[in-house]
Amino acid sequence: MHNPASDEAAVDAAARLIADVKQPLDLPELTVRVGGSSGVTIFPDHCRSAEEAFEHADYALYHAKLTRRGAVILFTQALATEIAYRSLVEQEIKRADLDREFHLAFQPLWCESGRRTYGFEVLARWDSPVLGPVRPDVFIPVAERCGMIGALTLSIFSRALKAASAWPDDVLLSFNLSIKDIEAPQILEGLLEILARSGFDPHRLVFELTETAVMQKLQIAAGNIRRLRDLGIGVALDDFGVGQSNLGQIHRLPVSALKIDRSFIADICESTVSCNIIRTLNDLARNLDCACIIEGVETQEQAAVLKALGLTLFQGYFFGRPMSEAAALDRLQSEYASSHAA
């Protein structure tokens, strides 16, 4: 746009374009719907060259797709600061000693019917000697964009298997994969090679993929999920309910668990609607012959309501915060001792 009346006018123009794109296209055999997101920058307010304008608009677009898919994001000074920080993160992660700088945390998965910890989800934590602690929601997208995610995934996975090998044989290890991991043959093959060398029972392993990531690469993801399931490895759809899947797609994915996003239980103690949604999602999981795990349980009140609805598998601060490898082993040993004392 030449000389928009204001920043808002440029944003409104982009929003109108997205709205036009979203209009359904009626074809003889089906109706096609297309979505869009947009990044907007203003010259010369936010940039000083055509190259910089494109870079800033592209980053704003990336931010929209990452945080508010389908929205318009205007490039701001806050985003400029974020670009500079992420550039530093990229520099440091490329020269990081992955095995020394990244450490593991384990968050319990709780089974109410057995009154025990039935598994742990492994989480990566990075303490950079230059940047200090870097959040996973920062370093993981950076690692994906700069091609480091494969090396990071393989390093974390190898150490996670080693830690889990000290657990009882009926305790699961749940490990997060990004869409880059699942769509890149060399990463998936690397994971399976590490698993084979470790001697760890594949039936004790669950790979977690976000619903949104799977829907972005549905065909590739579906084929690889079937391959993992054939090997005895579980596959859980993480953050379920906030993506854009439908029943026609979900039933083709041989997943072993649905992990219901925490947003559905935020007001479950006060909301009948939230209770009905959780009950419906639990029924869906049962009909798909897979487990239903509720994420983000933080209070005793939430846990009580969910148990009354028939849920038995939970994760969240109420049942245990992420902990060190030693603390996870201590928790399992304590539970074992208590159960045998009883």
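Arg116 counts as partly exposed at 29% relative accessibility, where buried means under 20% relative accessible area, exposed over 50% and partly exposed in between (1.4 Å probe, protein chains only). The model is predicted, so that local features need pLDDT of at least 70 and side-chain atom pairs count only at pLDDT 80 or more, whereas totals for chains, interfaces and linings use all residues. Residues are numbered from 1 along each chain as its sequence is written, and side-chain values use heavy atoms, with hydrogens and water left out.

Salt bridges, defined by a side-chain nitrogen of Lys or Arg within 4 Å of a carboxyl oxygen of Asp or Glu, number 16. Arg116 forms one with Asp170, with the closest N and O atoms 3.6 Å apart. This pair links distant parts of the chain, 54 residues apart, with Asp170 in the loop between α6 and β8 (172-176) and Arg116 in strand β6; helices (H or I, at least four residues) and strands (E, at least two) are DSSP runs, numbered from the N terminus. Asp170 is partly exposed, at 46% relative accessibility.

A salt bridge also joins the side chains of Glu112 and Lys307 (3.4 Å, N to O). Because Glu112 lies in the loop between β5 and β6 and Lys307 in helix α13 (residues 300-308), the pair ties together parts that are 195 residues apart in sequence. Glu112 is buried, with a relative accessible area of 17%, whereas Lys307 is partly exposed at 32% relative accessibility.

In helix α5 (residues 136-146), the buried residues are Val138, Phe139, Pro141, Val142, Ala143 and Cys146. Just after α5, Gly147 takes a positive phi of about 85°.
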